[in-house]
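Below are my notes on the model, as numbered points.

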Amino acid sequence: MSNIKNYPIAPKFTQQANISELQYHQMYTHSIIEPDNFWGQQANQLISWFKPWEKVSTGDFTHMDTTWFINGKLNVCYNCIDRHLPTRANHVALLWEGNEPQQSLQLTYAELFEKICRFSNVLKKQGVQKGDRVAIYLPMIPEAVVAMLACARIGAVHSVIFGGFSSDAIKNRLLDADCKIVITASDCYRGNKIIPLKHNIDTALLECPDVKSVIVVKHTENVIEWNDHRDYWYHEEINSVSVDCPCEEMDAQDPLFILYTSGSTGKPKGILHVTGGYLTYVATTFKYIFDYHDNDIFWCTADVGWITGHSYVVYGPLCNGATSLLFEGIPNYPNPSRYWEIVDKYKVTIIYTSPTAIRALRHEGDHWVTDTNRKSLRLLGSVGEPINPDVWEWYYTVIGHEHCPIVDTWWQTETGGIMISPFPGAAILKPGAASWPFFGIKPAIIDDHGNKLPADQKGKLVITQPWPGMAKTIYNNPDRFFNAYFKDYPGYYLTGDDARCDADGYYWILGRNDDVLKVSGHRISTAEVENAILADLSVSEAAVVPIQHEIKGEAIYAFVTLKMGIKPNESLKKEIIQKVRENIGAIAAPDHIQWADALPKTRSGKIMRRLLRKIADNDLTDLGDTTTLTDPSVIDRLIRGRQM
Ligand code: WT7
């Protein structure tokens with residue numbers, strides 16, 4: 001790593017930063033030695049409570065019973081909206097930029113408040129009660145934020161489903177969470193492509209008899225199918241109810257939302273976050289990591305269908321009374337200047353995006369950037385996958401004019417909010433390093449036996465102390481929660497990532513060490529893709545591995561064995577890819593399929609993925625020990641059959 005240059009604290013920024021290096025170290029030490037005292041202070045400063053908690057935290061990872069803000073009462077919507085009204089009713093809460101550059105809208109806190117109250121009453125009218133699960137399958141439009149906050153207001157638990165998921169994936173999520181109601185839109189455009197949202201819901205609902213109503217936002221003029229007994233127009237319903245809707249008093253432990261994410265087995269996990277700890281954690285991380293100041297225009301480009309959208313499009317910014325920008329479109333439509341034109345149009349001060357988007361835009365050529373001004377920017381963020389140092393440099397130099405610090409934030413759906421990141425204005429920046437643990441976060445690097453490793457050694461990243469943003473459980477499956485994160489190394493939360501910590505205490509994230517892929521930053525499990533491929537009747541076996549991809553970071557490479565007597569051909573490849581699109585969605589479609597007459601297996605029948613990864617990546621220098629294979633000749637045949 002010695003060839004990578006470290007950046008000094010960005011000069012223009014230093015005078016404004018909320019936290020200095022010294023303050024970081026003081027506050028960090030306080031947060032680790034006296035976590036209850038530290039989090040009690042944050043929760044008091046940043047959150048309004050209807051009733052104070054009796055104790056800040058109890059429990060530990062060994063017993064998997066950590067609980068925050070015991071018996072504290074609050075409401076998340078109240079904190080994100082109502083309490084700002086006396087001081088900032090006319091402050092813009094949401095800025096919206098549609099798929100087309102001429103589509104835009106803004107909503108003040110007062111306007112958003114009214115919409116949320118009305119929609120809360122619509123949900124109530126539909127019989128939704130505290131604790132009920134509500135599915136949201138919407139594009140990036142203000143109604144998505146309205147629907148999420150309306151659920152929070154009445155104590156319903158939302159399950160937002162990313163618009164890129166197929167009907168099958170939707171169906172599985174609706175059934176698992178036992179949703180009775182779905183909020184969707186007629187359809188939407190992403191770039192030139194139309195996404196038939198309502199149609200996808202209609203198909204999913206063929207197998208979800210318990211869903212009794214669908215509320216539909218009319219987002220385009222296109223005609224859609226309609227079921228009179230089940231479907232309601234959003235715009236009609238909100239005009240049929242009152243604007244008054246009191247907030248439900250929620251316990252700090254009450255569920256706020258479920259969000260499905262991929263694990264190392266085939267079935268997505270319904271990660272459940274609870275009211276008090278989650279809100280405190282996202283509010284605190286938003287304030288410090290983005291160095292939030294009044295009048296900042298904050299733009300997180302993530303979709304609300306992912307945790308980044310939950311925490312840093314909606315809950316973190318609004319809890320801090322900030323202005324959050326919501327963008328419906330894609331980075332390269334109508335051309336690759338779009339992001340920077342949006343920055344100039346709304347005078348965005350903080351942009352938070354993914355390495356995939358940065359790589360794709362860098363690939364298009366600098367003139368798309370340099371034609372724009374971007375002078376409003378003062379802070380850049382990155383999330384979702386490791387950012388390569390050269391891409392980091394481009395982001396820093398070309399996008400940020402060398403005066404915006406980059407916060408490379410590492411975290412996960414399960415962690416609720418940012419866990420490791422440079423503190424802007426306080427940390428010396430090292431391109432490619434996620435850097436410093438956030439307050440209250442005590443990471444460690446361990447070997448396979450659970451021993452802590454010294455500086456600079458690669459190992460498994462674990463977190464050794466509870467923090468408020470930690471997920472409560474996996475919905476309906478506490479055993480899986482325990483087995484996935486706490487069983488193998490008692491007392492630690494196992495992240496699934498490899499990392500190393502350098503001698504300066506900077507953490508470097510090296511990628512997943514389980515069967516989870518990061519394709520364009522999207523989290524996908526190999527088992528999920530394999531199951532989808534196996535759903536094709538011609539297929540007898542499949543093994544999926546990641547290969548490196550210039551833009552996507554990782555792409556999917558599948559080894560497929562066909563059933564006896566079935567001849568491989570190109571149209572069969574298309575059919576298999578189509579199966580994956582139908583089962584999961586386009587984001588999980590394999591880039592490459594290699595026919596394999598057999599897969600490399602150990603005598604106990606386990607597929608040796610380690611070998612397949614190397615073959616797919618064409619990295620044949622050291623294939624390691626292959627003596628345990630039943631038939632070592634398989635390897636040569638696979639190498640010869642390699643695609644590309
Ligand atoms: C996985 C979690 C974090 C919210 C969005 C993704 C990878 C995330 C970084 C980063 C290197 C990163 C990890 C992690 N990841 N951020 N800054 N550097 N890797 O949440 O979908 O739950 O994925 O994303 O592998 O475990 P997620």
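1. Helix 3 (residues 35-46) packs on helix 11 with the axes 10 Å apart and an angle of about 85°. Axes here are lines fitted to C-alpha atoms, for helices over the stretch in contact, and angles run from 0 to 180 degrees between N-to-C directions. Helix 3 is therefore roughly perpendicular to helix 11, a label that covers 65 to 115 degrees, with under 35 roughly parallel, over 145 roughly antiparallel and the rest oblique.

2. The model is predicted: local features need pLDDT of at least 70, side-chain atom pairs count only at pLDDT 80 or more, and totals for chains, interfaces and linings use all residues. Residues are numbered from 1 along each chain as its sequence is written, and side-chain values use heavy atoms, with hydrogens and water left out. Helices (H or I, at least four residues) and strands (E, at least two) are DSSP runs numbered from the N terminus.

3. From helix 3, Trp39, Gln42, Ala43, Gln45 and Leu46 meet Thr280, Tyr281, Ala283, Thr284, Lys287 and Tyr288 of helix 11; contact means heavy atoms within 4.5 Å. The contact of helix 3 with helix 11 has six nonpolar, four polar and one charged residues. Nonpolar means Ala, Val, Leu, Ile, Met, Phe, Trp, Tyr, Cys and Pro, charged means Asp, Glu, Lys and Arg, and the others, Gly among them, are polar.

4. Helix 11 (residues 275-289) also crosses helix 12 at roughly 85°, their axes coming within 8 Å. This makes helix 11 roughly perpendicular to helix 12. The residues of this contact divide into nine nonpolar, four polar and no charged. Among those in helix 11 are Tyr278, Leu279 and Phe286, and among those in helix 12 are His310, Tyr312 and Tyr315.

5. Which residues come nearest to the ligand? Of the 17 around it, they are Thr409, Thr413, Asp497, Arg512 and Arg523; a residue is near if one of its heavy atoms lies within 4 Å. By class, the shell has six nonpolar, five polar and six charged residues.

6. A backbone N or O atom of Thr409 is 2.7 Å from a nitrogen atom of the ligand. The protein covers 96% of the 550 Å² of accessible area that the ligand has on its own (Shrake-Rupley method, 1.4 Å probe). Helix 12 (307-319), strand 20 (406-409) and strand 25 (507-512) are the elements that give two or more residues to the shell.

7. Two backbone details deserve a check. The peptide bond from Tyr333 to Pro334 is cis, with omega near -5°; Pro334 is in the loop between strand 17 (323-327) and helix 13 (338-346). Met64 is not a glycine, yet has a positive phi of about 55°, and is placed in the loop between strand 1 (55-58) and strand 2 (67-70).

Key. Polar contact = N/O pair within 3.5 Å; in protein donor to acceptor, adjacent residues only side chain to side chain.
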